[in-house]
Amino acid sequence: MLSFESVYSYYGSSAVLQDVSFQVNDGELLSVVGRNGVGKTTLMRTVMGLTDRAAGDIRVDGNLLNGRATHDRALQGIAYVPQGREIIGRFTVEENLLLGTFARADGRREIPSYVYELFPVLREMAHRRGGDLSGGQQQQLAIGRALAMEPKVLLLDEPTEGIQPNIVELIEDAVMRLNKEYGITVVLVEQNVDFARRASNDFLMLDNGRVVASGAIAELTDEVVDEYMTI
């Protein structure tokens with residue numbers, strides 16, 4: 001569904017990602033792990049065409065993304081939930097969700113019912129402004145907005161970071177359901193190794209912008225974690 005082949009990605013003249021290759025099969029969940037500052041967020045931004053430039057081949061559903069604008073990549077079925085959520089605070093919850101529908105290839109402006117099933121608070125607060133929500137509620141809104149486009153691939157950059165503990169479990173459960181029940185292919189940047197092990201089919205370990213370990217999630221051993229994630 002999503003693949004990188006010998007991808008380099010740059011900010012200015014600096015190659016933050018170097019010779020990165022991987023693939024995520026349709027309906028699977030890949031966790032991208034590693035220390036802070038090793039290129040995990042850059043990988044997600046590279047998929048969306050948000051770095052200064054990139055080399056190598058990036059494909060979704062067999063279609064080459066190279067050179068395509070960010071909005072065109074979204075129309076190919078890729079949804080991105082960045083760190084920081086980036087909801088529009090002066091818009092209501094419902095208006096934020098409707099924004100997500102503008103990335104639908106079929107042009108429909110309907111919020112899928114499963115968004116409210118996964119995150120009931122979004123229905124309850126539909127007419128409240130996004131900026132008035134708590135951090136955990138805003139994260140649910142950010143994920144819901146991405147789902148409003150009914151994506152083929154969902155990119156999640158540390159979706160539970162800075163979230164109150166009682167919401168973390170809800171979001172983790174939602175991510176797993178989206179993948180297992182709804183069949184959405186997920187690429188998850190995650191620091192919580194226990195969650196990555198529960199949720200994932202495969203993993204990708206980055207260090208200094210390069211892939212240093214990858215494979216089935218069973219291969220994400222304590223030894224690999226100690227070598228590449230322990231500070």
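Start with the sheet of four strands: select β2, β1, β4 and β5, which lie in that order in an open sheet with antiparallel pairing. Strands pair here if DSSP finds at least two bridges between them; helices (H or I, at least four residues) and strands (E, at least two) are DSSP runs, numbered from the N terminus. The edges are β2 (14–24) and β5 (63–64), each of which pairs on one side only. The model is predicted, so to speak of a local feature takes pLDDT of at least 70 and a side-chain atom pair counts only at pLDDT 80 or more, while totals for chains, interfaces and linings use all residues. Residues are numbered from 1 along each chain as its sequence is written, and side-chain values use heavy atoms, leaving out hydrogens and water.

Now select β1 (residues 2–11) with β2: seven bridges join these antiparallel strands. Show V7 as well; V20 in β2 stands opposite.

Next, pick helix α1 (residues 40–47), which lies across β1, β2 and β4 (53–60) and runs at about 110° to β1. Contact means heavy atoms within 4.5 Å. Axes are lines fitted to C-alpha atoms, for helices over the stretch in contact, and angles run from 0 to 180 degrees between N-to-C directions.

L29 has V186 in β8 as its bridge partner.

Last, the largest pocket. A pocket is an open set of points on a 1 Å grid over the protein atoms alone, where a 1.4 Å probe fits, with protein on both sides within 12 Å along at least five of seven lines; lining residues have an atom within 4 Å of a point. Select M48, A79, Y80, P82 and R145, which lie nearest its centre among 26 lining residues. Elements supplying at least two lining residues each include α2 (70–75), α3 (93–101) and α6 (135–147).
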